[in-house]
Each structure stands twice: as structure tokens, then as C-alpha cells.
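Welcome! Please take a look at the sequence and the model below, and then let us walk through the fold together.

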Amino acid sequence: LNPFAHLDLFGTLALLLFGFGWAKPVPINPSRFKKPKRDMALTALAGPLSNILLALVLMAIFKVYMLYGNINSTAGLMFGQIIYTILWTNLTLAVFNLLPVPPFDGSRIALLFLPQRLYFRAMKYERYIMLAVLALVFLGLLDAPLSWLVNGMWRLMLHLTGFVELLWGY
């Protein structure tokens, strides 16, 4: 399964024609943190963690809907597809943003484990690294590893929402 298949054409057109999809970074002043290295990593974790928590809630809703929803109607199928798409997109965004390369949030988290001089050396080339990662994505060279990670997150969400089946006796 390619987590980016449904986003390739639409996403590219939206980016190029309308400027939709360009994330605006939140300005953060690390000098205001008591422990800048740790607090920067915690701040960076907020985005992917919110994607994961939303995916967890959506997985529970999706399971309840699949057990009790009207999946035989057109509206029912559309509702299920919308929940599924938002769920899958949030998992994909979480995995993508946790990549440990600048400018993604994963690079800010990696700062905890890297010496500062190596981190700042990598940050100097942030713009070029970002272009390289985007090129790899558009060429499909990251599809297999990212699909593996997103599918792993999907399985984790299935496991973590196992209570839904228990509550409804399945």
C-alpha cells in the first residue's frame, strides 16, 4: 500500500496552483526554554503526537462504524471513506514528520541524541535536505520504507483500539 498514492496528483496540483499545503512553521524562541534541548524536542513532538492521538480516536470511531454503521448505503460508504482517509492521512503525516532529517520535527527530536555540533551542521543544509527528501518522495524512492512505517502505525492503532471489540463483545 502506498500511503501517498491518493495525494500525489491532487497534492501536487494544490501545491503548485493554489499554494495549498505549504505548512507555516510556528515561530519558537528556544532561548525562552529552561532546558532548550529537551523543550525543543517536546515542542517538536506536539505535532506528530496530535496526529497520532487523532488517528487513535478515528480508529476507534472507524471500528464502531464498521461494526454498527450502515455501510451498505452510499452515504454510509462515503462516511466510512472520509474517516478512513483522515485516519490514514494523520498516520502518514505523523510518520513523515518524525523523519529525523531537517526541517521535520523528527530532526528536532534527534537533537536529544546528537551532539550539538553535528545537529547544527545538518541544520545548515536544511533547505537542500528538504529538497532532496521531496525529490525522493516524488520519485517514489521513499514509498516502500514510508509504507512499511505507516502500515506499522496502522497495526499499532488496531491493537491500541482493541477495547472497541471487547466493549461490543467481538
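Which pattern does the protein chain follow when it is read along the sequence? The pattern is α-α-α-α-α-α-α-α. In other words, the protein chain has 8 helices and 0 strands. Helices (H or I, at least four residues) and strands (E, at least two) are DSSP runs, numbered from the N terminus.

Before we go further, here is some background. This is a predicted model, where local features need pLDDT of at least 70 and side-chain atom pairs count only at pLDDT 80 or more, while totals for chains, interfaces and linings use all residues. Residues are numbered from 1 along each chain as its sequence is written, and side-chain values use heavy atoms, with hydrogens and water left out.

**The chain as a whole**

Of the 170 residues in the protein chain, 29% are buried. Buried means under 20% relative accessible area, exposed means over 50%, and partly exposed is in between (1.4 Å probe, protein chains only). A contact means heavy atoms within 4.5 Å. Among the contacts in the protein chain with a separation of 6 or more, 68% are between residues 24 or more positions apart.

**How the helices pack**

Axes are lines fitted to C-alpha atoms, for helices over the stretch in contact, and angles run from 0 to 180 degrees between N-to-C directions.

| Helix pair | Axis distance | Angle |
|---|---|---|
| Helix 3 and helix 7 | within 9 Å | roughly 120 degrees |
| Helix 2 and helix 7 | within 9 Å | roughly 60 degrees |
| Helix 2 and helix 3 | 8 Å | about 155 degrees |

How do we put these angles into words? Angles under 35 degrees count as roughly parallel, over 145 as roughly antiparallel, 65 to 115 as roughly perpendicular and the rest as oblique. Helix 3 is therefore oblique to helix 7, and helix 2 is oblique to helix 7. Helix 2 and helix 3 are roughly antiparallel to each other.

Each crossing also has a hand. A crossing is left-handed if the near helix is turned anticlockwise from the far one by less than a right angle, and right-handed if clockwise. The crossing of helix 3 and helix 7 is right-handed, and so is that of helix 2 and helix 7. The crossing of helix 2 and helix 3 is left-handed.

Residues can be sorted by class too: Ala, Val, Leu, Ile, Met, Phe, Trp, Tyr, Cys and Pro count as nonpolar, Asp, Glu, Lys and Arg as charged, and the others, Gly among them, as polar. The contact of helix 2 with helix 3 has 18 nonpolar, 5 polar and no charged residues.

Where helix 3 meets helix 7, the residues from helix 3 include Tyr 84, Leu 87, Trp 88 and Leu 91, and those from helix 7 include Leu 146, Asn 151 and Trp 154. This contact has 12 nonpolar, 2 polar and no charged residues.

In the contact between helix 2 and helix 7, helix 2 supplies Ile 52, Ala 55, Leu 56, Met 59 and Lys 63, and helix 7 supplies Met 153, Trp 154, Met 157, Leu 158 and Leu 160. Here the classes come to 9 nonpolar, no polar and 1 charged residues.

**The nonpolar core**

In soluble globular proteins, nonpolar side chains tend to be buried together. A nonpolar core is a set of buried Ala, Val, Leu, Ile, Met, Phe, Trp, Tyr and Cys residues joined through side-chain atoms within 4.5 Å. The largest one in this model has 20 residues, and Leu 87, Leu 91, Phe 96 and Trp 154 are among those with the most contacts inside it. Helix 2, helix 3, helix 6 and helix 7 each give two or more residues to this core, and helix 3 gives the most, with 6 residues.

Which residues does Trp 154 contact, leaving aside its neighbours within four places in sequence? They are Met 59, Tyr 84, Leu 87, Trp 88 and Leu 91.

Phe 104 sits in the loop between helix 3 and helix 4. Phe 104 is buried, with a relative accessible area of 6%. Its C-alpha atom is 8.5 Å from that of Ala 44, 60 residues apart along the chain.

Ser 107 belongs to helix 4 and counts as buried at 2% relative accessibility.

Leu 111 lies in the loop between helix 4 and helix 5, and is buried with a relative accessible area of 6%.
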